[in-house]
Amino acid sequence: MSLQKEIKTSHRVIRCYQLADTNLDKITVDSFGEEWKSFHGFSNKDLQWLGDKYFDIVTPDMLNNTMKVIDVGCGSGRIIKYLKGRYGQITGIDPSQAIFVANELIGKEDTVELIQTSTDHIPFADNYFDFGYSLGVLHHIPDTAKALNDCIKKIKPGGYFLLYLYYSLDNKPFYFRIIFFLSNLIRRFVSKMPLKMKKITCNILAVVLYLPFVGLCRFLKWLRVPERIRKNIPLQSYESQSFYLIRNDSLDRFGTPLEQRFSKKQMQKMMEHAGLTDIIFSNDIPYWHAVGKKTE
Ligand SMILES: C[S@@+](CC[C@H](N)C(=O)[O-])C[C@H]1O[C@@H](n2cnc3c(N)ncnc32)[C@H](O)[C@@H]1O
């Protein structure tokens, strides 16, 4: 692993590592760099909503303010911001230009370190961190299982790791898979567009694709139709999200060249294989997210 440069900013020094020949997809990483430059103005309400969804299965014995924590693929740094006060020290890593967006979003915080690097070059000794998480990241990496193994190596035995991977719609009716098949065709096309056109197209998709479903779900919610029924409507998970988060997700979903999807069974197996035990899956969105303990 070779250190390429150290960039001094007014908030902290950011170490940047050599990214050639690492387990990453360069076009996808560049696309994320652009995505986070466009989306970093999260309201506190959005951050709270988002973070609470991911951390619903994390208890204070797994994560608290004495611990050394790693955020793998921190993007804009929004989750680090959400977690303020719940860690002793936190290290955010990301290979994209988003690391500089995170630097601005988090601002001056002595307990936060940011490093531009990839999962297979995490510059810490094995068994170093008490808690780690990677949210919506490893499915954008060519070898997801290897990336997970590389992350878990850095967690202490007895420490915990929270993982969110895109699901393969394995808990949904078959028509979700048909809709996904069609939307995936759109993604393959949109993700190849030049940046400006991609952003405009994703904003249009947020209006014409997301909003009709979201509007229907909000209307049914207003009519007090139970959630278990609304859950059968595609994109129901967005019914409580702001339009800002919906636009961000539209660019995330349709603008990203590489994405992979996993069933709950596949994710469980991958987590076990990486050395995690006592795995708890959330029954709530986003699917699938789960936490596991590194074997002692
Ligand atoms: C969908 S974003 C999620 C960002 C953040 N976890 C969040 O929830 O806001 C995926 C992130 O994974 C990062 N990423 C892609 N390949 C990576 C790799 N090999 N190692 C670490 N991060 C990577 C991207 O640069 C991007 O910022």
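Which of the 19 residues around the ligand come nearest? I began my entries with this point, working from a predicted model. I found that G73, R78, D94, S118 and L135 come nearest among the 19 residues around the ligand.

**Entry 1: polar backbone atoms at the ligand**

I then looked up the backbone atoms that face nitrogen atoms of the ligand. For G73, I noted a polar backbone atom 2.8 Å from a nitrogen atom of the ligand. For L135, the corresponding entry reads 2.9 Å, again from a polar backbone atom to a nitrogen atom of the ligand. G73 and L135 are both among the residues that come nearest to the ligand. I also recorded N23, of which a backbone N or O atom lies 3.2 Å from a nitrogen atom of the ligand.

**Entry 2: the two domains**

I next looked up how the chain is divided. Domain 1 takes in 3-167 + 261-294, and domain 2 takes in 174-254. To their contact, domain 1 gives 20 residues and domain 2 gives 16 residues. I noted a separation of 24 Å between the C-alpha centres of domain 1 and domain 2.

How much area is buried between domain 1 and domain 2? I wrote down about 1,700 Å², with carbon and sulfur atoms giving 53% of it. The size of an interface is often given in this way, as the accessible area lost when the parts come together.

**Entry 3: what holds across the interface**

I looked for charged pairs and polar pairs between the domains. Across the interface of domain 1 and domain 2 I recorded zero salt bridges. The count of residue pairs in polar contact between domain 1 and domain 2 is nine.

**Entry 4: salt bridges**

For the structure as a whole I recorded 13 salt bridges. One of these joins E109 and K84, whose closest N and O atoms are 2.5 Å apart. I placed E109 in the loop between helix 4 (98-106) and strand 5 (112-116), and K84 in the loop between helix 3 (78-82) and strand 4 (89-93). The pair thus links distant parts of the chain, 25 residues apart.

**Entry 5: backbone geometry**

Most residues other than glycine have a negative phi, and most peptide bonds are trans, so I looked for departures from both.

Where does P286 lie? I located P286 in the loop between strand 8 (276-281) and strand 9 (289-294). The peptide bond that joins I285 and P286 is cis, with omega about -5°. W288 also lies in the loop between strand 8 and strand 9, and the peptide bond from Y287 to W288 is cis, with omega near -15°.

Finally, I looked up D21, a residue other than glycine with a positive phi, near 60°. I found D21 in the loop between strand 2 (13-17) and helix 1.

Key. Residues are numbered from 1 along each chain as its sequence is written. This is a predicted model: local features need pLDDT of at least 70, side-chain atom pairs count only at pLDDT 80 or more; totals for chains, interfaces and linings use all residues. Side-chain values use heavy atoms; hydrogens and water are left out. Domain bounds come from an automatic or database domain assignment. Contact means heavy atoms within 4.5 Å. Buried area is the accessible area (1.4 Å probe) that two parts lose on being put together, summed over both. A salt bridge is a side-chain nitrogen of Lys or Arg within 4 Å of a carboxyl oxygen of Asp or Glu. A polar contact is a pair of N or O atoms within 3.5 Å; within protein, one must be able to donate a hydrogen and the other to accept it, and residues adjacent in sequence count only if both atoms are side-chain atoms. A residue is near a molecule or strand if one of its heavy atoms lies within 4 Å of it. Helices (H or I, at least four residues) and strands (E, at least two) are DSSP runs, numbered from the N terminus.
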